[in-house]
Amino acid sequence: MSGYVGDLSPAQEEALGKLRVNVADLPKPEDNDYFYLRWLRARKFNLRKAEEMLRKHLQFRKDAGIDTILQDWTPPEALQKCFPGGFFGEDRDGHPVYYDNIGNLDFRGLFRCAKREDLMKVNYQILEKVVQALREFSEKKGKYIETITVIVDCENLSMQKHILFWPGVELMRQIFSHVEQNYPEIVKQVFVVKAPAVFPLAYNLVKAFMDEKTRRKVVLLKDDWQMELRKYIAPDQLPLAYGGTRCEPDPDCTDYINHGCDVPPEYYLTNLTETSRDEMERAVVGRRSSHEVQYQIDKPRSTIRWEFISIDHDIGFGVYNLQGEKKQELVPMKRRSSHVIPENGFHTCETDGTYVLKFDNSYSWTRAKEVLYTVKILHPNSEVTVSPGDSDIVDEEFFDCSEDIPQASGLVNSDLHADT
């Protein structure tokens, strides 16, 4: 049995009744079979685990003020203008459609204009808007609508701007984890469009934080993506820019969908760093001297990624490869204003060998410089976080995720789960 209303086995019916009784004392945003079954399906009808999950969610709602977050909290102006997302139209089964222009996320700008707490709260609001939209659609359709269709627009997704900006990756991981823990079973299908060649890398960085059932709902639409999209969403429910007929002469339907933008510098907060200083290595570079950090790369095509901050004054920085007694300059040495804006960068190592990151203060006659830095090594089939004297290997299939993402050619409309 599917575990949805009207299709329950006797054991599932029993688990539903017991869950109702066990949490009867707690205030809940909904009190119906559809609501309880979401938590049971998320834990494969293990009553103890489903109850534990639901209780944690209800405690989270209380602690974070979720019940009134749409009324009581206003995001900073920069987030209102530049954080992408929005609802428009419905799919062919009558479910609301949400657009997420992830390629236009300006991670660096967002981290300079808002605190991490605010970046999470804006996502809490989005998820409560999803719940609100489902409630409104249910009333409109005269039947319970449990899930949304999501279109993820990956245009402008890039290595430098997104994949190698670690605070942004960690934020997305936190968001995905939060969705799975607190809003299970709300996604019907995820269509990925305009995906560049780097998309599999980005997907692999977050897929471990997605439930297996959610991962199976992700569909990559390729060259003929607009035609494929029309199989699931009627043209009169799609913006012109996505192969539909709506919102002329505004093909992107910007009155409904925020497509995101780079955060204007005037929104930047002062003294805001991108990474917690407690998480960074610390070095003091004496006057007229330099500080070098060496990394042994044993797999060609590995990527070195770095982030650093200097305190109060600029610092020179460059990267080179040791070849016997010779040094090959890879990233030219130059003075960086990392005391104003934290520096981020990466280099893909074509060969194995010793690679050196050098912080240079030889030009300063009077001042020592303090530097905080983080360095990570991305191996071709794993992600490794490296700091001097320590290493932490996170096992991920970093490059090969093609089997995890269904291609559109293998799907027809009947393949979608209609849970209405």
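Q: What are the axes of helices, and how do angles run between them?
A: Axes are lines fitted to C-alpha atoms, for helices over the stretch in contact. Angles run from 0 to 180 degrees between N-to-C directions. Keep one caution in mind: this is a predicted model.

Q: At what angle do helix α3 and helix α9 pack, and how far apart are their axes?
A: Start with the general idea. Two packed helices are described by an angle between their axes and by the distance between those axes. Now the case here. Helix α3 covers residues 47-64, and helix α9 covers residues 166-182. They pack at an angle of about 115°. Their axes are 9 Å apart.

Q: Which residues make the contact?
A: From α3 come Met53, His57 and Phe60. From α9 come His178, Glu180, Gln181 and Asn182. Sort them by type: two are nonpolar, four are polar and one is charged.

Q: Why do residues three or four places apart in an α-helix point the same way?
A: An α-helix has 3.6 residues a turn, so such residues point the same way. Look again at α3: its contact residues with α9 are Met53, His57 and Phe60.

Q: How many residues has α9, and how far does it reach?
A: Helix α9 has 17 residues. From its first C-alpha to its last it reaches 24 Å. That is close to the 24 Å expected at 1.5 Å a residue.

Q: How many residues of α9 are buried?
A: Twelve of its 17 residues are buried, and α9 is mostly covered. Among the buried ones are Trp166, Val169, Leu171, Met172 and Ile175.

Q: How much of the whole protein chain counts as buried?
A: Of its 420 residues, 52% count as buried. The chain has twelve helices and 15 strands. Look at its contacts with a separation of 6 or more: residues 24 or more positions apart account for 77% of them.

Q: Which residues touch the most other members of the largest nonpolar core?
A: The general idea comes before the names. In soluble globular proteins, nonpolar side chains tend to be buried together. Here the largest nonpolar core has 56 residues. Leu79, Leu110, Cys113 and Val192 touch the most other members.

Q: Which elements give two or more residues to this core?
A: They include helices α5 (77-82), α6 (107-113), α7 (116-141), α9 and α10 (199-206). Strands β3 (148-153), β4 (187-193) and β5 (218-220) contribute as well. Helix α7 gives the most, with ten residues.

Q: Which residues does Leu79 touch?
A: Leave out residues up to four places away in sequence. Leu79 then touches Leu110, Cys113, Ala114, Asp118, Leu119 and Val122.

Q: Which cysteines form a disulfide?
A: The structure holds one disulfide. Cys247 and Cys253 form it, with their sulfur atoms 1.9 Å apart. The link has 110° about the S-S bond and is right-handed. Both cysteines are buried.

Q: Where is the peptide bond that is cis?
A: Find the bond from Glu248 to Pro249; its omega is near 10°. Pro249 lies in the loop between α12 (225-230) and β6 (281-285).

Q: How does Lys49 count, buried or partly exposed?
A: Lys49 lies in helix α3. At 39% relative accessibility, Lys49 counts as partly exposed. Lys49 and Trp39 are ten residues apart along the chain, and their C-alpha atoms are separated by 8.9 Å.

Note on methods:
Residues are numbered from 1 along each chain as its sequence is written. This is a predicted model: local features need pLDDT of at least 70, side-chain atom pairs count only at pLDDT 80 or more; totals for chains, interfaces and linings use all residues. Side-chain values use heavy atoms; hydrogens and water are left out. Helices (H or I, at least four residues) and strands (E, at least two) are DSSP runs, numbered from the N terminus. Contact means heavy atoms within 4.5 Å. Ala, Val, Leu, Ile, Met, Phe, Trp, Tyr, Cys and Pro count as nonpolar, Asp, Glu, Lys and Arg as charged, and the others, Gly among them, as polar. A nonpolar core is a set of buried Ala, Val, Leu, Ile, Met, Phe, Trp, Tyr and Cys residues joined through side-chain atoms within 4.5 Å. Buried means under 20% relative accessible area, exposed over 50%, partly exposed in between (1.4 Å probe, protein chains only). The expected span of a helix is 1.5 Å times one less than its number of residues. A disulfide is a pair of cysteine sulfur atoms within 2.5 Å.
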